[in-house]
Amino acid sequence: MVKAWKGWKVSNVNDRELILDTISSQVATCKLCSLGITRTNPVPGVGSYNTSVMFVGEGPGAKEDEQGLPFVGAAGQLLDKLLNFIGLNRQEVFITNIVKCRPPGNRTPHDEEVEACKPYLFAQIAALSPKVIVTLGSPSTQTMLGKSIAISVAHGRLQQRDGIKYMPMYHPAAYLHKRDPALLEAMKNDFKELHKIIEQIK
Ligand code: SF4
Ligand code: URA
């Protein structure tokens, strides 16, 4: 299913809107995995439909489930600050997750949930044709890059796959758990690196 989207690009903005809105409405009634039963609201993703930069997190948390929007809780506030740090805001990028419904208790999504939900993410990527995808945290990085790599090693290292640049980063929640200043510094450095890449692809 995922393979079918590879190399498929949508150049017309109106078509892109139609496709992204269609994906959101499919997610709204989706019950392809059990997260569709326990969620309050689906969280398909939000942001610019005309951007080269996409952020992919792990899965909605409590606040996201409440509001139907990605990264609106504490981790989202830190993400906003990091975006602002490089002169961006969330309206200028597209933000989504590898699963569109909240895993109960914020547990890591199970493999079968990620597999069930992946076609939506891949369809969003095909519709947006981003030049850079930032993968936030290990589950997102491993899902997108398809291999088991520690985020402590992969973060900030640009990878290229199917004509898209991937930039793995620490998940903002990692800093909120540990409050380690060195971790925040590493995150800021990765955002600076992202800024350079965005300037190059403009
Ligand atoms: Fe469907 Fe994804 Fe929600 Fe599972 S997590 S019900 S696959 S939208
Ligand atoms: N953490 C995530 O990975 N995604 C969200 O949307 C919120 C918190």
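**Reading a cavity and a ligand site**

Tutor: In this predicted model, about 110 Å³ of space lies in the largest cavity.

Student: How does one find such space, and how many cavities of 30 Å³ or more are there?

Tutor: Rolling a probe the size of a water molecule over the atoms shows where empty space is left. For this structure, the count comes to one cavity of 30 Å³ or more.

Student: Which residues are the closest to the centre of the largest cavity?

Tutor: The lining of the largest cavity is made of 14 residues, and those closest to its centre are Cys 30, Cys 33, Cys 101, Cys 117 and Tyr 120. Helix H2 (35-38) and helix H5 (111-128) are the elements that give two or more residues to this lining, and H5 provides the largest share, with three residues. Sorted by class, the lining has ten nonpolar, one polar and three charged residues.

Student: Where does ligand 2 sit, and which residues are around ligand 2?

Tutor: Ligand 2 sits in the largest pocket, and the residues around it are Gly 57, Glu 58, Gly 59, Glu 64, Pro 70, Phe 71, Asn 97 and His 171. By class, this shell has two nonpolar, four polar and two charged residues.

Student: What lies 2.8 Å from an oxygen atom of ligand 2?

Tutor: That is a polar side-chain atom of His 171, while a backbone N or O atom of Phe 71 lies 3.0 Å from an oxygen atom of ligand 2. A backbone N or O atom of Gly 59 lies 3.0 Å from a nitrogen atom of the ligand. Of the 230 Å² of accessible area that ligand 2 has on its own, the protein covers 91%.

Technical notes. Residues are numbered from 1 along each chain as its sequence is written. Chains are lettered from A and ligands numbered from 1 in the order in which they are written. This is a predicted model: local features need pLDDT of at least 70, side-chain atom pairs count only at pLDDT 80 or more; totals for chains, interfaces and linings use all residues. Side-chain values use heavy atoms; hydrogens and water are left out. A residue is near a molecule or strand if one of its heavy atoms lies within 4 Å of it. A polar contact is a pair of N or O atoms within 3.5 Å; within protein, one must be able to donate a hydrogen and the other to accept it, and residues adjacent in sequence count only if both atoms are side-chain atoms. Accessible areas come from the Shrake-Rupley method with a 1.4 Å probe; for residues, only the protein chains shown count as cover. On a 1 Å grid over the protein atoms alone, a cavity is a set of points where a 1.4 Å probe fits but cannot get out, and a pocket is an open set with protein on both sides within 12 Å along at least five of seven lines; lining residues have an atom within 4 Å of a point. A molecule sits in a cavity or pocket if more than half of its atoms lie within 2 Å of its grid points. Ala, Val, Leu, Ile, Met, Phe, Trp, Tyr, Cys and Pro count as nonpolar, Asp, Glu, Lys and Arg as charged, and the others, Gly among them, as polar. Grid points are joined across faces, edges and corners, and a volume is the space filled by probe spheres set on the points. Helices (H or I, at least four residues) and strands (E, at least two) are DSSP runs, numbered from the N terminus.
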